[in-house]
Amino acid sequence: MRVFFLFLLLISTGINAQELNLETALKLSKMPLHCINTEFPNKTSHLSDTEKDARMLPSELHPAFYGCLDWHSSVHGHWMLVKLLKSFPNIENKEEIIKVLNESFQKEKMILEAEYFGKYTASKGFERTYGWAWLLKLDEELYTWDSDLGKKWHQSLQPLTQKIVTLWKEFLPKQTYPNRTGVHPNTAFGLCFAYDWAKTKNETDFLNLIIQKSKTFYLSNKEIPAHLEPDGSDFFSPSLQSADLMTRILPQKEFEKWFKNFYTKKGLERICQTPTVSDRNDYQIVHLDGLSFSRAWNMKNIARNLSEKNPIKTKFETTAQQFISKSLTVLFDSGYGGEHWLASFAIFALTTK
């Protein structure tokens, strides 16, 4: 009865939890459109070297990706708008989206964005690796878009893309241990998007490095303590992100064998429970709505790599849709703390097959 009620509520708000349609796309597109050019409030995460750069505005530090509260949210807001333009070329606010993206995808701005990495004391590690991952996902989305506009914007993005790839290739051999957090530095999430980009672009050296490190970090993992998830501000499931990554690294039969030993019964039960979000106006607690979306896209991909006879396949497929349905109903209730980023997570969950 509860699931049926949620379904009726989604219909009444024009949002379809099963697939991304034009009406849903239009509703969600307004969220990054609103925030991409909204400079404040802002969390720059900039480590200042001098009084001069301590006084710089976000738009002076980052001429393209200064809005949406923080750099990474701006980047995946751009990804989301590109994704919607590709999927719905006749979307009602198409011209507004193009105008906003044209303003960002200027080569001189991307050169300045690239120069930031290494310009200051700690800036080589800025946004490592969450923002890096979304930047490569944005690049991949543009690269695979067969349109003049996509080609133009992709070309403009290249100074920043190549800087991020160079930094990641330098960092990954030095990374001794994975970061298993449920927030931005999660290693498995970053490697998922890096793998997708490297495979799409046929970057063999980078791809092989990702595969080797993934096996080092996760291949021997067993009985992961997923029953302790989530932490209070998680928007990733550390265990599901690791499993999602390994679907890319291992052949299907090997993955299924690995997956059988990865979870305990208690852990599986825990990650299928809907996170409790006690205050959607709290910038950290609202992360848990994002957790539902990321769990959904993880579960969809993992289920696709399980055999039909595996009971977890159907369980994950069903649970993923429930997570999406429940979180979509409250997506517009989170204030700016959720509005500046949650739509991107929703779109990624909806478009993951």
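Mentor: A salt bridge is a side-chain nitrogen of Lys or Arg within 4 Å of a carboxyl oxygen of Asp or Glu. This is a predicted model, where local features need pLDDT of at least 70 and side-chain atom pairs count only at pLDDT 80 or more, while totals for chains, interfaces and linings use all residues. Residues are numbered from 1 along each chain as its sequence is written, and side-chain values use heavy atoms, with hydrogens and water left out.

Trainee: Which residue forms a salt bridge with Lys109?

Mentor: Take burial first: buried means under 20% relative accessible area, exposed over 50%, partly exposed in between (1.4 Å probe, protein chains only). Lys109 is buried at 16%. The closest N and O atoms are 3.1 Å apart, and the partner is Glu103.

Trainee: How many residues apart are Lys86 and Glu141?

Mentor: Their side chains meet in a salt bridge, 2.9 Å from N to O. Lys86 is partly exposed at 23%, whereas Glu141 is buried at 8%. Helices are DSSP runs of H or I, at least four residues, numbered from the N terminus. Lys86 is in helix 5 (residues 71-87) and Glu141 in helix 8, so the pair links distant parts of the chain, 55 residues apart.

Trainee: Where does Lys124, the partner of Glu170, lie?

Mentor: Glu170 and Lys124 form a salt bridge, with the closest N and O atoms 3.6 Å apart. Glu170 is in helix 9, and the two are 46 residues apart. Both ends are partly exposed: Glu170 at 39% and Lys124 at 46%. Lys124 lies in the loop between helix 7 (107-116) and helix 8.

Trainee: How many residues of helix 8 are buried?

Mentor: Helix 8 has 14 residues and reaches 20 Å from its first C-alpha to its last. The expected span is 1.5 Å times one less than the number of residues, and here that gives 20 Å. The helix is largely enclosed by the rest of the structure, because the buried count is 13 of the 14.

Trainee: What kind of aromatic pair do Trp132 and Trp168 form?

Mentor: Rings of Phe, Tyr and Trp (its six-membered ring) pair if their centres lie within 6.5 Å; planes under 30 degrees apart count as stacked, over 60 as edge-to-face and the rest as tilted. The structure holds 39 such pairs. In this one the centres are 5.6 Å apart and the planes at 65 degrees, which is edge-to-face.

Trainee: Why does that pair tie together separate parts?

Mentor: Trp132 is buried at 1%, and Trp168 is likewise buried at 1%. Trp132 lies in helix 8 (residues 130-143) and Trp168 in helix 9 (residues 148-171), so the pair ties together parts that are 36 residues apart in sequence.

Trainee: Which side chain of opposite charge is nearest to Arg295?

Mentor: Arg295 lies in helix 15, where 17 of the 18 residues are buried. Lys and Arg count as positive and Asp and Glu as negative; His and the chain ends are not counted. Arg295 is buried yet has no salt bridge. The nearest opposite charge is 4.5 Å away, on Glu229.

Trainee: Which backbone oxygen does the side chain of Arg295 reach at 2.9 Å?

Mentor: A polar contact is a pair of N or O atoms within 3.5 Å; within protein, one must be able to donate a hydrogen and the other to accept it, and residues adjacent in sequence count only if both atoms are side-chain atoms. The backbone oxygen of Ile271 lies 3.1 Å from a polar atom of the Arg295 side chain. The one at 2.9 Å belongs to Gln273.
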